[in-house]
Amino acid sequence: MNRTDRLLAIVLELQGGGRRTAEALARTFEVSKRTIYRDIAALNETGVPVVSSPGQGYWLMEGYFLPPVQFSSDEATLLLLGAEVMAHSFDTEYRRVAEAAGRKIEGVLSATLRAEVDYLRDNIRFLELDDPSRGAIRASLQRMRRAVMSKQTVTFRYYKRHDGSESVRTVDPHNMFHMNGIWLMSGFCHSRRALRTFRLNRMEALQLVDRRFERRAPVQSLPATEDRNLVVVVRFTPEASRWLPETPSYFMTDETPTPEGLLVTLKARRAEEVLPWLQSWGGAVTVLEPASLRQRLFEEAAQLAGRYREAMLT
């Protein structure tokens, strides 16, 4: 943060209400107390009425505010909640940016509006489960974001879930997106000579390569579906249909209500991509096509039944 931005941020921090000591401001902006002393002096010289008192800190003279930005309570709440979500979801650098943005928004609210917004924020919460893998994902997010912004090639080990195979990929990352709770990267894969989409949670040993690239056209912001040639049609029971939105499949492309239940179409590259999801629904789902997938599910069910039958007899 350069000095001009920091001076404005200090004014907004003080405008947010209450008193701030030099120590607190120094921690917030990651500078020394001596730097804060110089910044406060510079603000006073430019006409910003910063009041100070030994042992009490700094505050703005009553009635001073800037800039003339007006938010409704809904607008301010939405912006602040969005900043909080980004602060919890992204890497450390963007978390600091999101927190700084939240402080700036709070700084331009009147005391009455701030109280209303604080009430709404206290009663609308975003909670995260304690996921031990989150730290690794955040580290990958930070590296991948840097690679996308700098147009820098990356290399990583990639694991496929359906067969556990591992491959080393070299990719020009074009963009990133968050879908159904999963971070993905879309880019040009050098080994496949085509655009491909990768899940960050299946990457290991992610490294930036000392090589720049130019984005290839067209750049797709969502995963390509052209190579998903396996069309799967299933029917959910009416009772299970209402719960489908809670755990949708990444490969779903269409839903059609019928008197017998909900018809769902999925498009995948291979059966292994949808098999675990279908099995998780048990008897609540029936595969209508293809016949090969029905046979596969029958064999899996028979194998599972045999395994438990042996366990019950021993």
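Leu-278 touches Val-234, Val-285, Val-287, Leu-293 and Leu-297, leaving out residues up to four places away in sequence; a contact here means heavy atoms within 4.5 Å. Keep in mind that this is a predicted model, where local features need pLDDT of at least 70, side-chain atom pairs count only at pLDDT 80 or more, and totals for chains, interfaces and linings use all residues. Residues are numbered from 1 along each chain as its sequence is written, and side-chain values use heavy atoms, with hydrogens and water left out.

**The cores**

- Leu-278 is among the residues with the most contacts inside the largest nonpolar core, along with Val-234, Phe-236 and Leu-266.
- That core has 22 residues; a nonpolar core is a set of buried Ala, Val, Leu, Ile, Met, Phe, Trp, Tyr and Cys residues joined through side-chain atoms within 4.5 Å.
- "Buried" means under 20% relative accessible area, "exposed" means over 50%, and "partly exposed" is in between (1.4 Å probe, protein chains only).
- Two or more residues each come from β8 (230-236), β10 (261-268), α9 (275-280), β11 (285-289) and α10 (291-313).
- The biggest giver is β10, with four residues.
- Another core, of 17 residues, lies apart from this one and includes Met-144, Phe-156, Phe-198 and Met-203.
- As background, nonpolar side chains tend to be buried together in soluble globular proteins.

**The chain overall**

- The protein chain has 10 helices and 11 strands; these are DSSP runs numbered from the N terminus, with helices being H or I of at least four residues and strands E of at least two.
- Of its 314 residues, 36% are buried.
- Among contacts in the protein chain with a separation of 6 or more, 59% are between residues 24 or more positions apart.

- α10 has 23 residues and reaches 33 Å from its first C-alpha to its last, close to the 33 Å expected at 1.5 Å a residue; the expected span is 1.5 Å times one less than the number of residues.
- Its buried residues are Leu-293, Leu-297 and Gly-306.
- Those buried residues of α10 pack against β8, α9 and β11.
- In the loop between β11 and α10 you'll find Pro-290, and a cis peptide bond with omega of about 5 degrees joins Glu-289 to Pro-290.

- The axes of α1 (residues 3-15) and α3 (residues 33-45) come within 10 Å and cross at roughly 80 degrees; axes are lines fitted to C-alpha atoms, for helices over the stretch in contact, with angles running from 0 to 180 degrees between N-to-C directions.
- From α1, Arg-3, Arg-6, Leu-7, Ile-10 and Val-11 meet Thr-35, Ile-36, Arg-38, Asp-39, Ile-40, Ala-42 and Leu-43 of α3.
- The residues of the contact of α1 with α3 split into seven nonpolar, one polar and four charged; Ala, Val, Leu, Ile, Met, Phe, Trp, Tyr, Cys and Pro count as nonpolar, Asp, Glu, Lys and Arg as charged, and the others, Gly among them, as polar.
- The axes of α2 (residues 22-29) and α3 come within 9 Å and cross at roughly 105 degrees, which makes α2 roughly perpendicular to α3.
- Here Ala-22, Glu-23, Leu-25 and Ala-26 of α2 make the contact with Lys-33, Ile-36 and Tyr-37 of α3.
- The residues of the contact of α2 with α3 come out as five nonpolar, no polar and two charged.

**Buried arginines**

- Arg-6 is found in α1 and counts as buried at 10% relative accessibility.
- Beyond its neighbours within four places in sequence, Arg-6 is in contact with Met-1, Phe-29, Val-31, Thr-35 and Asp-39.
- Arg-114 is in α6 (residues 111-123) and is buried too, at 16% relative accessibility.
- Arg-114 sits 38 residues from Ala-76 in sequence, and the two are 8.8 Å apart in space, C-alpha to C-alpha.

**Positive phi**

- Most residues other than glycine have a negative phi.
- Glu-30, in the loop between α2 and α3, has a positive phi of about 55 degrees and is exposed, with a relative accessible area of 61%.
- Lys-151, in the loop between α7 (134-150) and β3 (152-159), has a positive phi near 55 degrees and is partly exposed at 28%.

Technical notes:
Angles under 35 degrees count as roughly parallel, over 145 as roughly antiparallel, 65 to 115 as roughly perpendicular and the rest as oblique.
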